[in-house]
Amino acid sequence: MKRAHRRAHLLIWLLLTPALLAGLAWAWIHRLA
Amino acid sequence: MTNAYTSVQWNHHKKVYDLILAGGIVAYLLLFYLGGKLFFPAPGGFSDEILLIRAFATCAVILLHVLLAIGPLARLDARFAPLLYNRRHLGVSFFLVALAHVILVTAFYGGFGVQPAPEAVLAGYPAALRTGAMPFEVLGFFALLIFFLMASTSHDFWLANLGSGLWKALHMLVYAGYALVVMHVALGAMQDQTSKVFPVLLFLGATGLATLHLAAGLREARRHRAQPAGEDWLDAGPVAGLRDGHARVIEVPNSERVAIFRVGANLHAVSNVCSHQAGPLGEGRIVDGCITCPWHGYQFLPHNGQSPPPYTEKIPTYRLRVAGGRILLNPRPLPPGTAVEPAQLPLESV
């Protein structure tokens with residue numbers, strides 16, 4: 001894999017992980033409400 | 001390897017891969033449908049349409065997680081590399097399963113009114129927002145659009161015509177598609193179901209993929225870095241320990257990695273990045289005298305980085321020398337396809 005792609009993958013998942021967890025948490029709270 | 005457009009270059013491995021894939025999808029759909037009829041029998045059970053909608057939906061979500069797990073798994077353990085080989089077939093199959101889900105949903109939920117069915121499904125949400133429901137259908141629509149773009153450009157024809165940069169950028173949109181799918185399920189199906197199975201599985205899927213990607217990324221970041229050894233050379237490690245037919249991958253500062261292959265008593269250095277889809281050449285082997293990429297089998301002659309005729313792919317080569325039992329690498333890449341004299345292993349190392 002190219003250096004730029006490795007960095008892009010890491011950056012994407014560093015951003016995506018908290019975003020996904022926040023989205024799931026929000027959807028869960030919305031479900032309970 | 002291609003030098004002319006053909007729809008699919010079938011070989012034994014691809015046929016086996018696709019047979020297992022198709023069989024698995026059909027088996028899953030059947031089991032889901034039959035299980036739904038068995039465990040939720042009439043009159044209180046689910047209709048055939050609902051069962052099929054859910055069967056295709058859950059199958060698509062599972063396939064998407066498998067697809068996204070293959071990349072990091074192959075980085076973490078070479079035994080998963082064969083799954084990479086025909087991953088694009090898995091991707092196109094996933095898109096077709098998702099499309100079947102969308103067609104069924106559109107026909108069932110939007111097909112019995114006066115509006116066109118797609119409009120009825122997508123435009124229904126303004127009223128729904130007033131009652132607190134979320135426009136999850138729109139998220140699914142944009143996810144499908146991304147997957148359609150990826151599935152329709154998955155052939156090497158598009159890789160060659162769009163250029164590797166644009167093609168790769170387009171296919172990195174899979175992560176945006178994944179996020180849209182997760183929220184489509186979280187704001188859609190998960191809202192109506194009382195069981196905690198959906199939320200738990202969705203959470204495990206997302207965190208599992210995140211963990212795999214981050215673990216693979218951290219492992220890549222800890223690779224051995226070559227140290228300076230003189231004005232124009234880097235120390236690429238000892239001669240000892242480099243197996244015949246295999247490579248050592250060297251991290252070069254501010255540049256792509258270099259793969260140093262041993263072929264008998266000779267050492268050859270080439271770019272670690274395959275010219276096809278940037279596969280890790282250094283994790284491949286010498287087969288029939290050629291460096292063979294572990295991802296899709298592209299081959300290059302070790303002494304000049306050129307693919308054997310009639311193929312025309314080329315990769316950069318590097319100069320090497322051996323001194324004091326150490327391999328020294330000149331980190332300046334030579335133009336792709338440049339022939340280089342191999343470094344010779346000391347007699348006692350052969």
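1. Contact here means heavy atoms within 4.5 Å. With that cut-off, and leaving aside neighbours within four places in sequence, B:R88 in this predicted model is in contact with B:S154, B:H155, B:D156, B:H276, B:Q277 and B:H296. For B:R88 and B:L180, which are 92 residues apart along the chain, the C-alpha atoms are separated by 20 Å.

2. Helix α4 of chain B, residues 87-110, also holds B:S93. Is B:S93 buried or exposed? Its relative accessible area is 18%, and B:S93 therefore counts as buried, the limit being under 20%. If residues up to four places away in sequence are not counted, B:S93 touches B:L21 and B:I25.

3. The interface of chain A and chain B deserves a point of its own. Chain A brings 22 residues to the contact and chain B brings 38 residues, and the area buried between the two chains is about 2,700 Å², with carbon and sulfur atoms giving 73% of it. Across this interface there is one salt bridge, in which the side chains of A:R6 and B:E251 meet at 3.6 Å, N to O. The side of chain A that touches chain B divides into 13 nonpolar, five polar and four charged residues. Five residue pairs are in polar contact across the interface, both residues of each pair being at pLDDT 80 or more.

4. Strand β5 of chain B is mostly covered, since five of its six residues are buried, and several pairings can be followed from it. With β4(B) it runs antiparallel, joined by six bridges, and in this pairing B:V263 stands opposite B:N266 of β5(B). The hairpin of β4(B) and β5(B) has two residues between the strands, and B:G264 in this hairpin takes a positive phi near 70°.

5. What other strands does β5(B) pair with? One is β12 of chain B, residues 343-344, which runs antiparallel to β5(B) and is joined to it by two bridges; here B:L267 has B:A343 in β12(B) as its bridge partner. Another is β9(B), again in the antiparallel sense and over two bridges, with B:V270 standing opposite B:T317 in β9(B).

6. Two open sheets of chain B may be checked against the model. In one, four strands follow the order β1-β2-β11-β10 with antiparallel pairing, and the edge strands, each pairing on one side only, are β1 (227-228) and β10 (320-323). The pairing of β10(B) with β11 (residues 326-329) is antiparallel and extends over four bridges, and it places B:L320 opposite B:L329 in β11(B). In the other sheet, three strands in the order β6-β7-β8 pair in the antiparallel sense, with β6 (285-287) and β8 (299-300) as the edge strands, each pairing on one side only. Between β7 (residues 290-292) and β8 of chain B there are two bridges, in the antiparallel sense, and B:T292 has B:Q299 in β8(B) as its bridge partner.

7. Some backbone values of chain B call for a closer look. Most residues other than glycine have a negative phi, and most peptide bonds are trans.

8. Where does B:A278 lie? Its place is in the loop between β5 (266-271) and β6 of chain B, and its relative accessible area of 7% is under 20%, so B:A278 is buried.

9. A cis peptide bond runs from B:P309 to B:P310, with omega near 10°. B:P310 lies in the loop between β8 and β9 (317-318) of chain B.

Key. Residues numbered from 1 in each chain as written. Chains lettered and ligands numbered in written order. Heavy atoms only, no water. Pairing = 2+ DSSP bridges. Buried area = accessible area lost by both parts, 1.4 Å probe. Salt bridge = Lys/Arg side-chain N within 4 Å of Asp/Glu carboxyl O. Polar contact = N/O pair within 3.5 Å; in protein donor to acceptor, adjacent residues only side chain to side chain. Nonpolar A, V, L, I, M, F, W, Y, C, P; charged D, E, K, R; others polar. Buried < 20%, exposed > 50% of the residue type's maximum accessible area, 1.4 Å probe, protein only.
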